[in-house]
Every structure is written in structure tokens, then in C-alpha cells.
Amino acid sequence: MKPREIKRGVYWVGAIDWDRRLFDALIPLPDGTSYNAYLIKGNKKTALIDTVDPTMKDVLINHLNELKVKSIDYVVANHAEQDHSGTIPQVLEKYPEARLVVTPKCKDMLIDLLLVPEEKFKTVADRETISLGDRTLEFIHAPWVHWPETMLTYLREDRILFPCDFFGSHLATTDLYVTDEGQVYEAAKRYYAEIMMPFRTTIQKNLEKIRGYEISLIAPSHGPMYDKPEFIIKAYNSWVSDPPKNIVVIPYISMHGSTRQMVAYFVEALAQKGVTVQQFDLSVTDIGKLAMALVDAATVVIGAPTVLAGPHPNAAYAAFLANALRPKVRFVSIIGSYGWGGKTVEQLAAMIPNLKVEVLEPVLCQGLPREADFKALDRLADTIAQKHKEQDFA
Ligand code: FEO
């Protein structure tokens with residue numbers, strides 16, 4: 001796409017990555033992504049807000065050429081991660097006069113990650129401003145969305161917030177603004193689950209911090225811009241807030257069908273008691289979908305067969321992932337089948353120290369489940385439904 005003017009003198013100069021399918025060699029990108037950068041021309045000075053992934057450096061440089069940008073005074077790096085900072089070296093080479101505007105922490109990180117020379121930096125304090133003449137940039141320190149150095153940039157006169165990853169969505173689209181709210185809600189929720197959820201309590205504070213700002217447009221570094229900012233702010237408030245919902249998430253895997261039988265029976269038992277269930281076969285599931293389900297779930301039940309005296313590695317991966325993402329889940333249990341013994345429950349329970357949960361009585365059976373095992377699954381379903389009801393999870 002060509003550069004696009006958002007407001008007089010404010011341009012989108014980013015890159016759309018339609019074909020990228022994996023981020024951080026970990027996160028699936030079913031809908032691609034974008035790396036949004038923005039150029040702001042004041043009547044005295046010019047600023048570039050973030051850059052693009054290094055694989056797309058030519059796209060950004062071509063945009064700047066097309067806009068006939070002769071000089072840049074400030075390159076603002078809201079975040080040090082390479083999908084936004086990775087083209088800083090090329091921009092500084094083309095515009096050697098530019099100062100790199102960052103938080104003190106971001107300076108240290110960019111020296112490490114990109115070997116940017118120390119003299120290029122201008123560090124800014126929380127709420128510090130820089131004048132572009134008729135326009136003012138205010139920098140709002142907002143650590144842990146989602147690295148320790150992150151900040152947001154607010155263009156006062158136009159009331160535009162540039163929050164980098166915060167509020168973003170991995171979505172490649174030609175639409176500059178949100179047009180399909182359902183599609184963007186899902187992409188933004190997936191993004192929150194994968195990237196932001198571990199920092200839920202810090203995000204609550206950052207949401208509080210921006211409450212005092214009048215915002216007419218949120219221009220994130222991934223996905224379309226929000227010309228109705230309340231749409232994404234309301235969504236974030238819901239995702240970060242307590243309590244969870246009346247939902248059980250069941251990541252499971254089955255080797256010879258025994259654990260699958262248990263999961264099928266258990267899902268039906270929960271559904272009969274009015275509990276919403278989302279099950280994920282870990283041999284094929286998109287982990288982004290699983291992460292998204294964890295945003296609202298009150299309970300996680302891992303379905304794990306025993307392999308070599310411990311949990312199936314895919315079940316261990318799900319436990320490790322849930323522990324890392326720190327969802328607001330309150331209860332955890334384990335169901336599954338074993339051949340001759342093992343320590344599946346002990347090993348899985350030891351993998352989730354970050355989750356402040358009550359571990360409910362697990363149900364493990366030898367070989368295929370029998371009547372006593374189905375009764376135990378009924379009891380576990382009863383316990384979960386009861387606990388959700390007692391705590392008013394709706
Ligand atoms: Fe989009 Fe944390 O980088």
C-alpha cells in the first residue's frame with residue numbers, strides 16, 4: 001500500500017505482511033499482520049513514530065521517499081521489539097540528523113538489540129513533551145505492554161494515541177480503520193491473550209493512566225486504527241477485569257482413545273449442568289485459539305494420557321503455556337488414562353505455579369474408562385458447576 005494521510009500532515013507509512021504465518025517462531029498468524037509506522041509533520045519539525053519489521057525496511061523507506069521527506073528530527077521508538085524497531089538503523093542512516101526518542105530502559109535495550117550508537121538517543125521522562133511547532137508529542141510511560149521499556153505517544157492537538165503493541169491486532173487488511181468490528185474483536189482478543197494477558201494487572205493500571213486523555217483515534221502498531229476508541233478500550237476493560245466466566249477449557253490429547261472417551265463424556269456432563277465448554281485437541285489445535293479461550297475461562301481441565309510415567313508432552317506444553325500466560329482462571333483439574341502407573345498429576349500440577357488456583361480432585365483411569373470412572377467425572381462436573389455457581393460466574 002502507498003502512504004496514506006490520516007489527518008492533515010499525519011500519515012500512515014507502515015507495511016502490511018499478508019503472508020507471515022508465525023511470530024516470535026511461536027505465535028500463529030492466521031490473518032497475517034501489519035507493522036504500522038506514522039509520520040507527523042509539524043510546521044517546524046517532523047517525527048516518525050516507530051518503524052517496521054526489518055524484512056519490510058524497503059517499504060518504509062519507499063514511503064518516506066514518496067512523501068519527499070527531506071529530514072526527520074525525531075524517530076520515536078515506543079517499543080524496542082524488532083518488528084517496530086528493526087528498521088531504525090536504516091532510517092538513521094538515511095536521516096543522520098534524527099534523534100531517537102525513547103524511555104531510558106528502551107535506550108539500553110536498543111543499544112543491545114540493534115547496536116545503535118549512544119549519541120543518537122534522546123531519553124524522555126513520563127509525560128515529557130516535544131514540540132513539532134504547531135503540534136505536540138507527549139510521551140506516556142507504560143511499562144509492560146508488553147516489555148519493560150514500553151511507552152505510548154499522544155499527539156495532543158489531534159488527540160491521537162500511538163500505543164504501539166497495546167490495543168493491536170495481528171490482521172493484514174487494506175482497511176485503515178476498523179470496518180468489521182467482529183473480525184477485529186477476535187483478532188485483538190487473540191493478540192491480547194498471546195501477548196498482553198501475562199501483564200493483566202499492569203494493563204489495568206495503564207488503562208487507568210490513559211483515562212484522563214481525550215482520545216479521538218487510537219493508532220496501534222499492528223492492525224487497523226480505532227476511530228471509535230471506546231470499542232477497544234471497553235474490550236480491554238472486560239478482558240483484564242475479574243471475575244472469569246462460567247466457562248471450562250479442556251486442552252487434551254489422546255493416544256488410543258481412552259482419554260478422548262473421558263473428555264467426550266465430561267464435556268457432555270458439564271454442558272448438561274449449564275457450563276460452557278471449549279475443548280481443544282492438542283494434536284492439531286491452533287494455540288492462539290486456546291490462548292483466546294483462556295482469557296475468560298474460570299476452570300481449565302487438562303486431558304492427558306500418561307507417557308513414560310509422565311504427562312503426554314503436548315499436555316505438558318498446554319500446562320506450560322497456561323502458566324506463562326497467567327489467565328484469571330480459578331480452578332484446575334486433570335483427567336486422563338494411563339497404562340500401568342506414573343506421576344502425570346504431580347508433574348502437571350507442578351508446572352502451573354503462576355496460577356493462583358484451587359486444584360480439584362483429578363480423575364485418572366487405567367486403560368478404558370469404566371462405570372466408576374464415569375461417576376468420578378460426573379462428580380468433578382458437579383463440583384465445577386457448583387463452584388462456578390457459588391461465585392456467580394455468569
Ligand atoms: Fe509488535 Fe512487541 O512487538
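Is Y213 buried or exposed? Y213 is buried, with a relative accessible area of 14% (buried means under 20%, exposed over 50% and partly exposed in between, with a 1.4 Å probe and protein chains only). Welcome to a predicted model, in which local features need pLDDT of at least 70, side-chain atom pairs count only at pLDDT 80 or more, and totals for chains, interfaces and linings use all residues. Residues are numbered from 1 along each chain as its sequence is written, and side-chain values use heavy atoms, leaving out hydrogens and water.

**Aromatic pairs**
- The whole structure holds 13 aromatic pairs (rings of Phe, Tyr and Trp, the last by its six-membered ring, with centres within 6.5 Å; planes under 30 degrees apart are stacked, over 60 edge-to-face, the rest tilted).
- Y154 and Y213 make an edge-to-face pair, 5.0 Å centre to centre with 75° between the planes.
- Y154, at 6% relative accessibility, is buried too.
- Y185 and W239 have ring centres 5.3 Å apart and planes at 65°, so this pair is edge-to-face.
- Y185 is partly exposed at 33% relative accessibility, while W239 is buried at 1%.

**Nonpolar cores**
- The largest nonpolar core has 62 residues, and F167, I232 and Y236 have the most contacts inside it (a core is a set of buried Ala, Val, Leu, Ile, Met, Phe, Trp, Tyr and Cys residues joined through side-chain atoms within 4.5 Å).
- Another core, of 31 residues, lies apart from it and includes V52, I72, V75 and V91.
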